[in-house]
Amino acid sequence: MKFNLVQTLVFVFCLISVQIYGIQDANGKRIVSKYERIMQMYPQLTTGGGESSQWRAAEKDMRHPCKRDCSDQQPMTCYYYMVVHYDDTMAETCKRYLQSKFRFKLGGKEYLDGIMLEENLGATDCKYADGLESQVMVVNGQLPGLAIEVCLGDTVVADVINSMHETTTVHWHGMHQRMTPFMDGVPHVTQYPIEAGQAFRYRFEVDHGGTNWWHSHTEHQRAFGLAGPLVVRMPPRLNPHAHLYDFDLSEHVIMIQDWVHNFVESVAENILINGRGRNLKKGVTSKPTLYAHFPVVRGGRYRFRVIFNGVSNCPISFSVDQHDLVVIASDGNDIEPVEVQRIMFHGAERFDFVLHANQEVANYWIRVKGYSFCAKNQLHQEAVLHYRDADPRSLDTHILTYAYDAPGTTLNELGDDNSMTANGNGRSISLADLNAQRQELELQPAVTYYTSMNAFEVRQGEGFRFQMDDISFSMPKMSLLQTRNLGVGQFFCNRTQQAELGFNCRQRHCRCSNVIQVPANQQVEFVVYSLSNTPHPVHLHGYTFRVVGMGTLGEEKIGQIEQIDRRSPLPRRRRGAPLKDSVQVPAFGYTILRFFSNSPGYWMFHCHISPHSENGMAAVVRVGEDVEMKMCPVSNCGLCSSVA
Ligand SMILES: [Cu+2]
């Protein structure tokens, strides 16, 4: 008894000293994390009176008042302080993760107990990743970045402080920015880049619900950690699927990304699920494995929200052992529920599904498997669906192999004949066959554009340049939206203009700022087709589009798609086509998109595979005339008044 009391006292003392002194090194010196040092340089200042006194910011315990039940219909202004900085995974402050009380051995390998860690640690800026040390770029010390959770109609105010020595911007993927096209976060298109050491205040109304996300739109930064969820919940009257589930919790938001170490972006080396996973590198003295855990209680029906921050050419499949996935939404748009066992994700796509925890109390594997470039290294990653009262240490790890495919029906199969992912007898549901929850009759388009995605080999063996419309996009020096009244149109190019100059862009490498002109307030159709042997996930900013058609024509015919379609039109949905903002264009195939162009502005249209878009597979869709576009503030000096 006496001994126990002493033990307890020592334990309490240790806890208190950890609270007060933080983590110490061998000499008893307190270890200050990079993030703590950064926060000393850029402390969040409390705002004084005026309008900002109404803003709701995160509390000391990191809880944010904007994360709430959305039934009250009271919009809030939600403030976020986002310091962008360099940091490291597995830094000194991660040492507590490695304490022996969290460790357990299984089949000769060491693991960390994810459930026990969550309960013990709470908020920390330790980034475990795959247990290997690596340099990263993050916001506020976290990987993945902070989850912004708001209600439809709220206003987000986000101060982005750039403490790196390179530029950055933040794109709010899924937001339409209808009232604020200058808040879309595309450098040199909707704003100037945020310079090193400078800040930018994003401020926009949350005008599109569902599972969305934010990420850097500068070079490959989102590959290194600059991304996070942006979950927009709906009031019950706008949520047709509310009766299908009992819980819609933050802990069931899943963010997946392919992963590289130390800013080498060429080939993915791993896949992370909520910033965690098993190390795959051979011959490295590995730290214990830490899997992401997703807790459920038997009998409950849970809404899961999965976001795929796919960076390289690495589409993935997603499944949960012995559980069906009732898919109810994609890219924040409700669909008629469809029950599948496996979902394929292409870069930037989101799918929401309901999982009924109706199996025996146990742990089940959540499996993610990489294709295309990730197939070469057989990349796969797992996480744990943990039923309450199951022993978190009982994990059957020897059933984890790359070869495994979930039996049953697959949604959104990879449009690629060479690496068919179909599991033999499994059924497959194409994305274009999903039904939008709200059925609408398709209007006939006023204009149709045929836009190609291709890889151009300038000289044999010198690698590929990527293109849309046979043009490699190059960033203009001035920002298009800000300078639109200054006669910047003379610097634009497009396919027709290049042809008029006598350039044949199929033979010669064309590189310029490709701007596709689209009239405002019209039904617009894009037939986007891939001239290459790989599918490309295409993303249009500023809009949600309907996917009215998708198919393959093959290498021979795909080049004549315009003539083929004009002669005898390719099949198109007349009703109920699903709504998306990111969708795959199959290899030697096409995807047909329609949207009503009611938001004038300069909107990026690009492949979401980062090495493709950064090397030219992009264009700007210019909707309407300059005078029709919303006024931009002359400068973004919103910060000055609150900081001074
Ligand atoms: Cu691509």
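In this predicted model, the span of residues 498-625 is 12% helix and 43% strand, and its end C-alpha atoms lie 21 Å apart. The span carries the UniProt annotation "domain: Plastocyanin-like", taken from an unreviewed entry. That annotation also covers residues 123-235 and 265-388.

V620 belongs to the largest nonpolar core, which has 165 residues. Together with V156 and V160, V620 touches the most other members of this core. Strand β1, residues 77-89, gives the most to the core, with 6 residues. In soluble globular proteins, nonpolar side chains tend to be buried together. Beyond four places in sequence, V620 touches V189, L480, N514, V515, Y602, W603, M604 and F605.

The domain assignment divides the chain into four parts, as tabulated here.

| Domain | Residues |
|---|---|
| domain 1 | 2-31 |
| domain 2 | 51-91 + 133-237 |
| domain 3 | 103-126 + 240-429 |
| domain 4 | 447-628 |

Between the C-alpha centres of domain 3 and domain 4 the distance is 32 Å. The two domains meet through 19 residues of domain 3 and 20 residues of domain 4. On the domain 3 side, the residues touching domain 4 comprise 4 nonpolar, 10 polar and 5 charged.

Is S33, a loop residue, buried or exposed? S33 is located in the loop between α1 (2-21) and α2 (34-41). S33 counts as buried because 21 other C-beta atoms lie within 10 Å, where the cut-off is 20 or more. S33 and E92 are separated by 59 residues in sequence, yet their C-alpha atoms are 7.4 Å apart in space.

Confidence over the chain averages a pLDDT of 89, and 91% of the residues score at least 70. Two stretches call for separate mention. Over residues 8-21 the pLDDT stays under 50, and the model has 2 contacts there beyond four places in sequence. Residues 418-423 also have a pLDDT below 50, but this stretch has 15 contacts in the model beyond near neighbours in sequence. Where pLDDT is low, the predicted coordinates should not be read in detail. Residues 8-21 lie within α1 (2-21), and residues 418-423 fall within the 240-429 segment of domain 3.

Methods: Residues are numbered from 1 along each chain as its sequence is written. This is a predicted model: local features need pLDDT of at least 70, side-chain atom pairs count only at pLDDT 80 or more; totals for chains, interfaces and linings use all residues. UniProt positions are given in the numbering used here, feature names are shortened, and annotations may be inferred rather than shown by experiment. Helices (H or I, at least four residues) and strands (E, at least two) are DSSP runs, numbered from the N terminus. A nonpolar core is a set of buried Ala, Val, Leu, Ile, Met, Phe, Trp, Tyr and Cys residues joined through C-beta atoms within 7 Å. A residue is buried if 20 or more other C-beta atoms lie within 10 Å of its own, exposed if 12 or fewer, and partly exposed in between; C-beta atoms are placed from the backbone. Two residues are in contact if their C-beta atoms, placed from the backbone, lie within 7 Å. Domain bounds come from an automatic or database domain assignment. Ala, Val, Leu, Ile, Met, Phe, Trp, Tyr, Cys and Pro count as nonpolar, Asp, Glu, Lys and Arg as charged, and the others, Gly among them, as polar. pLDDT is the predictor's confidence in each residue, from 0 to 100.
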